[in-house]
Amino acid sequence: MRKGKIFVATVAASALALGLAGCSGGSGSDAGGSADGGSIDVFLNMPTGSPQESKIKELTAKFESETNSKVNLTIASSSFEDDMKVKMASDSVPDVFSTHGWSVNRYSPYLRPLNDRPWAEYVSKGLDKVMYDADGNIYALPLEYSTTGLLVNYEILDKVGVDPDSLKTWDDVDAAMQKIKDELNISPITASGKESNAGDIGNYIASGAFTPEQNEAFKNGDFSTELWAQGVTSHVQKWQEKGFFNPDYVSATLDDMSRQLADNTAAFAISWPFVLSTAYEYNPDANLGFMPMPGVDGPYMVGGEGVSAFGVSKTSKNEELALKYVDFLAQPENAKPFLEAMGAYAGLTNVEVDLGNLQPSFDKYVAGGEIPTMPFFDRLYLPNGMWNTIITTTDGVINGQMTAEVAAQQMADQYQTLYSQQK
């Protein structure tokens, strides 16, 4: 996908100043007004008060000092998407903003392609399927490579004599789960009913459950209830019926999932690697990692463009400065401390990040790019707004309140409603 045309947009109409409902703050510099080097508006999506917020403010202050410029930096979290919808509707997008997984499918009409930037040659090949459009254009700096798979407690697998590399299909995983339950009398899989983990389970399984042709049908208005039941919710129903889920699922949090993996009372989870990082805090001697998930076309990782991906508006009033800012963040000496502050993988191959106990999993399954990273299913193949339905229907199956077929039918009903609205 990288061979497509390189396109450089010209500067167009001036973008309006930011007027935000979210939490905002300066870059860390007390300078007021525009400096000699010009000014840009930067709107980023990250948790307020987080290590990454502190680090981005520090880096932005450094950029201002080096370029004699002013960066009007605003940080938002829960309000970010609503704020961006307002800005897109009024053609007033910021000069630089977070694309948080949607650089191609939602924001590309507003963004300048960045194929010509010095960091573009270092974009991880694992991001090919999710960050490039049909013409080979990339619209955001993927500072963070957001990827995950099946979280695994290797010590438990070793106790029951299961080689993790032998788990090629869901049948293989199911057999390992049954062996764990029978021989160790523990719950093979841990999940959280208190947070959105049920949605992760359904969404991540769906990413590798269908053929390319079936995926395109989902994308273009044809939601197959039968396919969703067979490919996604039937797995969850089987695990529920066999008692594979943790008994405290309804009340469990992501932190509880980490504790169960750390305490060797769970063998698998379908969630983010930070659950493993937290588990290592509870038990530094644990033997945990992640591995690919089984798919119809072979093993795959799931993820792609993370929250920390930054695009440049094609109508920026100071495009040159906006590009300098993004290029500055891509420099290894700047990207490395930012990513380590948030415990994230690098989307650029020339940035080395120490991932601690998770580094072996990343090196084996992600770094080489041989195992494809499939996009989050709802981002690419379902209409906007389906995420909550994935959560509620998958949760209903885990709780035993829905069958695989009933859950799939509810998905289909909501799909048709939302798909008709986006036409």
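Predicted model: local features only at pLDDT ≥ 70, side-chain atom pairs only at ≥ 80, totals over all residues.
How many nonpolar, polar and charged residues does the lining of the largest pocket have?

**View 1. The largest pocket and its lining.**
Welcome to the largest pocket, which holds about 1600 Å³ of space. Ser146, Trp272, Phe274, Val307 and Arg379 are the closest to its centre among the 49 residues that line it. To settle the opening question, the lining of the largest pocket splits by class into 21 nonpolar, 17 polar and 11 charged residues. Several elements each supply at least two residues of this lining: strand 5 (144-148), helix 6 (197-207), helix 10 (274-282), helix 12 (332-342), helix 14 (377-381) and helix 15 (387-398).

**View 2. A close look at Ser146.**
Ser146 sits in strand 5 and is one of the residues closest to the centre of the largest pocket. Is Ser146 buried or exposed? Its relative accessibility is 8%, so Ser146 counts as buried, the cut-off for that label being under 20%. Leaving aside residues up to four places away in sequence, Ser146 touches Val302, Gly303, Gly304, Glu305 and Gly306, together with Trp272 and Phe376. Trp272, too, is among the residues closest to the centre of the largest pocket.

**View 3. The second largest pocket.**
Here the volume is about 610 Å³. The lining of the second largest pocket has 34 residues, and the closest to the centre are Lys129, Met374, Pro375, Leu380 and Tyr381. Which helix gives the largest share of this lining? Helix 7 does, with four residues. At least two residues each come from helix 3 (128-131), helix 7 (212-219), strand 10 (301-305) and helix 14. Helix 14 also supplies at least two residues of the lining of the largest pocket. Sorted by class, the second largest pocket is lined by 17 nonpolar, 10 polar and seven charged residues.

**View 4. Nonpolar cores and Tyr325.**
The largest nonpolar core is made of 103 residues, and Trp239, Phe268 and Tyr325 have the most contacts inside it. Helix 11 (residues 319-330) contributes eight residues, the largest share of this core. Another core, of 19 residues, lies apart from it, with Ala209, Phe210, Ala229 and Ala408 among its members.

**View 5. An open five-strand sheet around strand 1.**
The strands of this open sheet come in the order 2-1-3-11-4, with mixed pairing. Strand 2 (70-76) and strand 4 (141-142) are the edge strands, each pairing on one side only. Strand 1 pairs with strand 2 in the parallel sense over seven bridges, and Ile40 has Val71 as its bridge partner in strand 2. Strand 1 (residues 39-45) also runs parallel to strand 3 (residues 96-98), with two bridges joining them; in strand 3, Val96 is the bridge partner of Val42.

How values were computed: Residues numbered from 1 in each chain as written. Heavy atoms only, no water. 1 Å grid on protein atoms, 1.4 Å probe; cavity = no way out; pocket = protein on both sides within 12 Å on 5 of 7 lines; lining within 4 Å. Points joined across faces, edges and corners; volume = space filled by probe spheres on them. Nonpolar A, V, L, I, M, F, W, Y, C, P; charged D, E, K, R; others polar. Buried < 20%, exposed > 50% of the residue type's maximum accessible area, 1.4 Å probe, protein only. Contact = heavy atoms within 4.5 Å. Core = buried A, V, L, I, M, F, W, Y, C linked by side-chain atoms within 4.5 Å. Pairing = 2+ DSSP bridges.
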